[in-house]
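Trainee: Please take me through one part of this structure in detail. I would like to look at the place where the chains meet.

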2 protein chains.
Amino acid sequence: MSGGLHDVLALLQERSAASLAELVDFASIPSVSAQPDHRADMARAAGWLEQRLRRAGLNTVEQWPTAGHAAVYAEHLEAGEDAPTVLVYGHYDVQPPDPLDRWKTPPFTPTVVGDRIYGRGVSDDKGPLLLTVQVVDAYLTATGTLPINLKFLFEGEEEVGSAHLDALVAEHAERLGADFVLSADGGMWSAEIPSLTVSARGLAALELTVRGPAKDLHSGRHGGSVHNPLHALATLVAGLHDDSGRVTVPGFYDGVSDLTLEQRGDLRELPFEDAAYLTQTGAPALYGEAGYSTLERQWHRPTLEINGMWGGYTGDGSKTVLPSEAHAKITCRLVPGQEPGRIVELVQAHLQATLPPGVTLDLRPSEHGARAYRLPGDHPGAVVARRVLEDLYGRPPLDVGMGGSIPVLETFQRVLGLDTVFFSFAVGDEDIHAPNEFFRVPRLYEGQRAWAQFWHALGHRGDHE
Amino acid sequence: MSGGLHDVLALLQERSAASLAELVDFASIPSVSAQPDHRADMARAAGWLEQRLRRAGLNTVEQWPTAGHAAVYAEHLEAGEDAPTVLVYGHYDVQPPDPLDRWKTPPFTPTVVGDRIYGRGVSDDKGPLLLTVQVVDAYLTATGTLPINLKFLFEGEEEVGSAHLDALVAEHAERLGADFVLSADGGMWSAEIPSLTVSARGLAALELTVRGPAKDLHSGRHGGSVHNPLHALATLVAGLHDDSGRVTVPGFYDGVSDLTLEQRGDLRELPFEDAAYLTQTGAPALYGEAGYSTLERQWHRPTLEINGMWGGYTGDGSKTVLPSEAHAKITCRLVPGQEPGRIVELVQAHLQATLPPGVTLDLRPSEHGARAYRLPGDHPGAVVARRVLEDLYGRPPLDVGMGGSIPVLETFQRVLGLDTVFFSFAVGDEDIHAPNEFFRVPRLYEGQRAWAQFWHALGHRGDHE
């Protein structure tokens with residue numbers, strides 16, 4: 001290990017308490033991008049991040065405005081033209097904390113309990129993002145230089161589908177040029193076994209409103225003579241899947257390749273137990289598309305999920321209302337071969353075709369979609385990542401898929417022509433998007449070491465080859 | 001017309017502005033029985049009513065506590081043992097005002113616009129209730145006496161199924177004895193044509209919760225591998241009706257008699273137009289059980305309606321959640337031959353039998369139910385009501401049914417052996433249980449005249465026979 005890297009790692013260790021305190025500070029800002037009420041908090045989080053990057057000693061730190069929430073950009077390009085250039089990606093926005101009453105500690109009062117820190121966004125993505133800034137700070141403090149050229153792009157709209165990042169990346173395409181993207185977002189598959197995420201599902205989303213009478217009616221007086229939008233919505237939603245768990249939307253599976261025997265074999269090798277998964281999720285049983293295993297369903301099969309459904313009286317007690325409207329939010333997870341825009345069209349057409357009589361349908365397709373993503377196995381970033389993870393954890397990482405989506409991956413590939421290597425130290429069981437989200441504190445430090453080693457190894461690749 | 005009645009009507013006319021101002025005052029109290037937050041307002045409304053009854057000069061005024069909200073009781077029994085005794089019924093509680101953003105004027109700031117007063121509860125049931133107190137006040141002020149013996153029972157739990165009234169009526173059965181009940185709750189079928197309500201549907205209610213994973217999950221990561229409670233709920237709800245609009249619950253229609261040819265003929269005579277009904281409700285089309293007309297569906301056929309359905313993320317923007325729970329509230333409207341308790345059992349059994357795999361079901365039957373009700377055509381109260389309405393409106397009232405339910409009717413019949421004559425001056429189009437509920441101001445005064453004439457006519461029935 002070179003002296004420079006040694007000093008960086010020593011400094012990071014020295015700063016471990018300060019690193020955790022910084023995460024508490026960062027995660028206490030309720031940067032909920034989906035909720036207009038939190039617009040000022042979003043600006044506060046962007047400002048916090050900008051100041052932190054400046055303090056790290058980076059040459060250039062900027063906020064890049066968008067039509068929505070600003071992105072924070074920074075760069076330090078002094079390793080020379082022959083050195084690799086890496087674009088670090090992450091996001092400082094977080095999911096809404098609802099349902100609030102299910103949190104054991106307040107979502108925006110990050111709380112350390114044993115080896116875990118609880119709070120909205122600590123795992124997705126503030127902890128994994130922040131550690132990259134802490135590493136660059138340590139590198140510049142300890143050695144005065146960096147082994148590679150680094151660019152940082154932290155967006156504020158990942159949790160709302162990265163709505164304006166496409167335009168932003170196109171606008172700044174020249175400055176964002178790099179050899180590949182190294183993503184602090186993502187998350188490993190298990191806390192015990194290192195893994196490298198090589199695929200992510202895509203995303204297509206829409207919202208629907210079923211309308212009946214022009215106003216809420218008394219369900220006693222009017223019940224039975226006009227259609228209840230809640231009944232019609234239930235019929236529509238129930239008609240989106242068949243009894244075998246397959247999506248019934250015509251054309252939904254067009255272009256989707258079935259898994260190869262080799263893929264199925266690789267998945268079976270993974271240390272995944274259905275029983276342990278049920279314990280982890282607390283679900284009473286597994287359920288999904290017939291003919292596929294749990295990991296196949298999560299990583300390689302497309303899905304259609306209702307994320308929210310509501311209408312009528314939902315408060316305490318009873319209210320005998322026949323409501324004028326009923327609503328649902330839908331997202332589809334996509335695999336290679338599916339186009340987000342086309343999938344939204346197909347779902348809309350199916351909903352219109354299966355609409356019960358007596359109501360009307362209002363569809364709002366989301367602008368935000370993403371194609372599925374696959375990282376080439378021999379990608380230089382993947383090769384370095386495997387080496388670093390094996391060094392850190394004593395065993396080579398597993399290649400795993402990701403059920404979720406990061407729309408920006410598709411943007412990086414399409415607009416910048418760049419692949420993305422996931423290098424997050426979050427773990428998939430950390431209740432992101434749910435109450436009591438947590439991040440494992442030791443992995444904050446493991447992540448710091450790994451990122452320092454990654455940059456070092458990438459910068460000195462020529463030395464060994 | 002006797003001099004006494006003439007003086008009463010003159011005094012009521014003199015007091016018309018004061019009567020309306022009193023309704024504004026009464027309806028400004030947010031006496032929402034369903035919501036625990038409004039407990040103090042409920043007590044305030046009961047106190048207001050108690051004071052108003054005292055001011056009317058009634059001999060006895062009491063609050064009767066229940067395990068829930070108190071009832072207000074009053075009596076004036078000086079017409080002698082040979083004079084008829086009438087028990088006046090009404091309720092001072094109101095429906096929740098949700099959705100608040102659909103009100104054009106604040107629900108608890110009663111606002112007169114033209115001939116209408118807008119506000120939660122003005123039609124159901126504070127206006128129709130209050131006018132009976134104003135009439136007894138005018139009677140006692142103008143004549144010092146009443147033509148009949150009067151008892152008043154105003155409950156505070158009608159909008160939550162009259163949960164504790166059954167026990168209360170049983171407890172005070174002796175004091176509540178009367179010849180029949182005259183109900184200020186109910187409502188006429190049309191503002192133009194007088195009507196006498198001779199039937200009401202019964203009620204059976206339950207709430208269901210579908211549970212999946214123990215906590216909310218990320219729908220990207222987990223979607224497709226565990227069942228989404230929202231999908232399962234939609235399947236359950238969609239399975240409660242068939243394509244012809246019939247309830248699919250086995251046994252639901254057992255004991256239900258089909259309409260007679262005579263009933264169907266009577267209904268066809270009524271001046272009811274489907275087109276006008278669609279305009280009134282703003283529904284895009286009629287919808288209901290195949291083979292029945294709109295009025296048949298509303299008055300003589302049982303129904304099963306979802307009053308509320310919710311789960312997952314329902315706020316602004318998107319949240320890619322696979323929720324741990326999904327909920328629905330169900331009410332059934334019943335016709336003669338159906339037992340509320342039995343219907344709840346049948347619905348529960350059907351939901352359990354049709355529950356999709358991968359989720360569990362939690363059922364909460366409501367304690368509150370009511371059998372359907374029918375008033376005998378030659379009932380003395382009905383005979384007097386017809387005469388008064390014909391005198392007031394220049395034409396005999398139509399016999400009509402009521403789609404809604406008043407559980408207390410069943411209580412009065414079972415516990416006290418009393419029939420109930422509906423004599424409300426609310427109209428069925430006044431958006432009760434919905435935003436912008438209103439009451440027609442002229443009908444406040446017509447109702448006062450009618451109640452004064454009803455009591456007079458009933459007290460002097462012997463004079464004419």
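Mentor: Start with how the copies are related. A rotation of 180 degrees, with 0.0 Å of shift along its axis, puts chain A on chain B with an RMSD of 0.0 Å. That is the relation of a two-fold axis. The superposition is by least squares on the C-alpha atoms of residues with pLDDT of at least 70 in both copies.

Some ground rules come next. This is a predicted model, where local features need pLDDT of at least 70, side-chain atom pairs count only at pLDDT 80 or more, and totals for chains, interfaces and linings use all residues. Residues are numbered from 1 along each chain as its sequence is written, chains are lettered from A and ligands numbered from 1 in the order in which they are written, and side-chain values use heavy atoms, with hydrogens and water left out.

Now the interface itself. Chain A brings 89 residues to the contact and chain B brings 90 residues. Contact here means heavy atoms within 4.5 Å. Of the interface residues of chain A, 100% are also interface residues in chain B, so the copies meet through the same surface.

Next, the area. The size of an interface is often given as the accessible area lost when the parts come together. Chains A and B bury about 7400 Å² between them, and 53% of this lies on carbon and sulfur atoms. Buried area is the accessible area (1.4 Å probe) that two parts lose on being put together, summed over both. Three residues stand out on chain A. Arg221(A), Tyr287(A) and Met309(A) supply 10% of the area that chain A buries against chain B, more than any other three residues.

Look at the polar side too. The rule finds 51 residue pairs in polar contact across the interface of chain A and chain B, both residues at pLDDT 80 or more. A polar contact is a pair of N or O atoms within 3.5 Å; within protein, one must be able to donate a hydrogen and the other to accept it, and residues adjacent in sequence count only if both atoms are side-chain atoms.

Which elements of chain A take part? Among those that each supply at least two residues to the side touching chain B are helix H7 (229-238), helix H9 (274-281), strand E11 (303-312) and strand E13 (325-334) of chain A. Helices (H or I, at least four residues) and strands (E, at least two) are DSSP runs, numbered from the N terminus. E11(A) gives the most to that side, with 10 residues. By class, the side of chain A that touches chain B has 33 nonpolar, 40 polar and 16 charged residues. Ala, Val, Leu, Ile, Met, Phe, Trp, Tyr, Cys and Pro count as nonpolar, Asp, Glu, Lys and Arg as charged, and the others, Gly among them, as polar.

Stay with E11(A). Five bridges join E11(A) to strand E11 (residues 303-312) of chain B, and the two run antiparallel. Two strands pair if DSSP finds at least two bridges between them. Within this pairing, Met309(A) stands opposite Gly311(B) in E11(B). Met309(A) is also one of the three residues in the 10% share of chain A's buried area.

Charged pairs come last. Side chains of opposite charge can pair when their charged atoms come close. The rule finds two salt bridges across the interface of chain A and chain B. A salt bridge is a side-chain nitrogen of Lys or Arg within 4 Å of a carboxyl oxygen of Asp or Glu. Lys215(B) forms a salt bridge with Asp431(A), where the closest N and O atoms are 3.2 Å apart. Over all chains, the count comes to 54 salt bridges. One of them joins the side chains of Arg175(A) and Glu75(A) at 3.8 Å, N to O. That pair links distant parts of the chain, 100 residues apart: Arg175(A) is in the loop between helix H5 (165-171) and strand E7 (180-183) of chain A, and Glu75(A) is in strand E2 (residues 71-76) of chain A.
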